[in-house]
Amino acid sequence: MKNVLRTLVFDGQVSLTLADTTAIVDEGIQLHELSSSSAQVFGKALSAMTFASACLKEDRGEISLSLQCSGKGGNIGISGNRALRIRGYIENTQAEGSETELLGSGALTIIRDDGYSSPFVGSCAIPQGGVDAAFEEYYRISEQLPTCLKTAVELNEAGRCAFAGVAVLQPLPFADEKTLAAVRNFSLEKLLERARETGVEEAAKAYFKPDCAVWDMRTAVYQCNCSKTYLARVLVPVGEEEIRRIIREDGAVRIHCHYCNKDYEFTDKDADGIFQK
Ligand SMILES: [Zn+2]
C-alpha cells in the first residue's frame, strides 16, 4: 500500500509529508514484543524516521538515528533507506511511563549517508516535549530547516497499533511571512486525524490545494536488511583464527540482529565458506 505522500502546499512554498505508518509501527511492536509505553515512543521515532527516509535524494541513501537517552526506555536506534525500508530497536522493550520519562535527557544524532561522499552527522540535545520536539530541534539546529513535525501512535486494547502516522510541514527558503505564520498555526493533529479516517491522499486534498505536479506517493515498510551473507562479510575482518576459536569453545558464532530480533549461527562449515577453504 502506498502510504507516504509528499507534495508542495501553500502555493508551492511549503513541502508537506503525510504518512500512514500503522503497518510499520505494528511490525516493530510485534518483532520486539513492546510494552505500550515502549511502543508509543518507538512508534513515534519510527514514524519520524519514515519522514527522514522519504527526504533522502540519492538511490543509495541511508539514514540512521541514534537516541542516546537517560530515560526509562534506554537507547533507540532506527535506520531507513531511500527505498523506505525502516528498521530499529528500543533498548528497554518493557518500559512503563510517559514519553518524557522514557526519553529523559540525552542526545539525538542522525547520520545521513548519500552513498558517495562522507556521511553527514548532525546532533542536538533532546529537549523537553518528546520525540516530535526532538526532531524539530534537530532539523532547526543541524539542517537549518524550520520544521513542524507531528507523529501519532494509537494502540488498541491488545497492544497492537490501531493507527500511526507522521505529518510534516517544511517551509522552503523563499516562503513569505504570511505563509510562515500560516504554517505555525496549522494543526497537524487534525490532519493526522483526517488521515486516519480517510487515508493520506484524501486528507491532504481536504486541507490543501496540493501541487499535482509534485504529487509523490510511495510505499514504506518495516524491513531489516540483515542476512547471513551480509553478516558473513562482517565476520571476515575478525579473522579466521578468532572465528574458529569461538566455534571451538561455544559451538558456533552467534549474532543477534537488534533490528529484527533474528539470531544467526555460524559453524565450521560456514567458516569454510567465508574463508574459502
Ligand atoms: Zn535483522
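## Around I78

Leaving aside residues up to four places away in sequence, I78 touches F42, A45, L46, M49, I63, S64, L65, I86, R87 and G88; a contact here is heavy atoms within 4.5 Å. This is a predicted model, where local features need pLDDT of at least 70, side-chain atom pairs count only at pLDDT 80 or more, and totals for chains, interfaces and linings use all residues. Residues are numbered from 1 along each chain as its sequence is written, and side-chain values use heavy atoms, with hydrogens and water left out.

## The cores

I78 is also among the residues with the most contacts inside the largest nonpolar core, together with L65, L108 and F135. That core has 46 residues. A nonpolar core is a set of buried (under 20% relative accessible area, 1.4 Å probe, protein chains only) Ala, Val, Leu, Ile, Met, Phe, Trp, Tyr and Cys residues joined through side-chain atoms within 4.5 Å.

Helix α2, residues 36-54, gives the most to this core, with 10 residues; helices are DSSP runs of H or I, at least four residues, and strands are E runs of at least two, numbered from the N terminus.

## Two linings

What about the pockets? On a 1 Å grid over the protein atoms alone, a pocket is an open set of points where a 1.4 Å probe fits, with protein on both sides within 12 Å along at least five of seven lines, and lining residues have an atom within 4 Å of a point. Of the 30 residues lining the largest pocket, R6, A54, C55, L56 and K57 are the closest to its centre. Strand β1 gives the most to this lining, with 3 residues.

The second largest pocket is lined by residues including R87, C224, Y230 and H256. Here α8 (228-235) and β12 (253-257) each supply at least two lining residues.

Terms used:
Buried means under 20% relative accessible area, exposed over 50%, partly exposed in between (1.4 Å probe, protein chains only).
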